[in-house]
Every structure is written in structure tokens, then in C-alpha cells.
Amino acid sequence: MASVWVRVCGEEDVPLLEGRRVVIDGYHLAIFRTGEGFHALHDVCPHRGGPLSDGEVAGGVVSCPLHARKVDLQTGEVKNDDLCRVPTFPVQVEDGEVYVDAASLLKKDTA
């Protein structure tokens, strides 16, 4: 599948160690900024649907604000639950703008 890079925000829109919600074609993504760079993943915790973008970021994971489930920002792995994984998306930063590869999100024309 070819990449489809979509601008989601400016670098300055996401403070260090915080997350922000963005919507691409009706799909909620959480964009996080850490010392290693930016990360994008589905903004819904698989446990009870909490908004991961509102969670606390530390040590490369975000803690869900509802029940503190920890999700790895790089892999989407839910800590202490081998069966759960949150979808992650490639991110690139160019000229101060943050882009997400949204190829898998964009609705396909069925006509």
C-alpha cells in the first residue's frame, strides 16, 4: 500500500511528554511528543475506550486516563496484556510540520 502523508499539526502544537487528539477521515488518532520524537496511535484504549491522548507520558509509554493501562508508544503493545495492541502509524516531521501516514485510514472509494 502506498503511503499517504497527511499533515496533522505543527511541532509546537504538541508539548513535550504530552498528547493531542487529531481526526483523519473520522478516525481518532493520538499524537505524542517524547524526547525521541513524535508517535501516532489509535486514540482509544482497548480496555474501556479511554482517550489515550489525555494520558500521562513517561518512559516511552502512555497511561490510559481511565484505568492506567500502559501502552508502548512505538509498538502499541499494551503492557501486561499479550493479546492487546493499539494500532500505530508512521510519523515524519518536515519543516516544523507533523505528518502521519494515513494510507490505512482513508476510506476507499467503492464505486
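Predicted model: local features only at pLDDT ≥ 70, side-chain atom pairs only at ≥ 80, totals over all residues.
Local features need pLDDT of at least 70 and side-chain atom pairs count only at pLDDT 80 or more, while totals for chains, interfaces and linings use all residues. Residues are numbered from 1 along each chain as its sequence is written, and side-chain values use heavy atoms, with hydrogens and water left out.

**View 1. The largest nonpolar core has 14 residues.** Such a core is a set of buried Ala, Val, Leu, Ile, Met, Phe, Trp, Tyr and Cys residues joined through side-chain atoms within 4.5 Å; buried means under 20% relative accessible area, exposed over 50%, partly exposed in between (1.4 Å probe, protein chains only). Val8, Ile24, Leu29, Ile31 and Val100 touch the most other members. Strands E1 (5–10), E2 (18–24), E3 (27–34), E4 (37–42) and E10 (97–101) each supply at least two of the core's residues; strands are DSSP runs of at least two residues, numbered from the N terminus.

**View 2. Val8 and its partners.** Beyond residues up to four places away in sequence, Val8 touches Val22, Ile24, Ile31, Val98 and Val100, where contact means heavy atoms within 4.5 Å. Another core, of twelve residues, lies apart from this one and includes Phe32, Leu52, Val62 and Cys64.

**View 3. Asp101 sits in strand E10.** Asp101 is buried, at a relative accessible area of 13%. Its side chain reaches the backbone nitrogen of Ala103 at 3.2 Å. Setting aside residues up to four places away in sequence, Asp101 touches Ser3, Val4, Trp5, Phe89 and Pro90.

**View 4. Glu56 belongs to strand E5 (residues 56–58).** Glu56 is exposed, with 66% relative accessibility. Leaving out neighbours within four places in sequence, Glu56 is in contact with Val61, Val62 and Ser63.

Key
Helix = DSSP H or I, 4+ residues; strand = E, 2+ residues; numbered from the N terminus. Polar contact = N/O pair within 3.5 Å; in protein donor to acceptor, adjacent residues only side chain to side chain.
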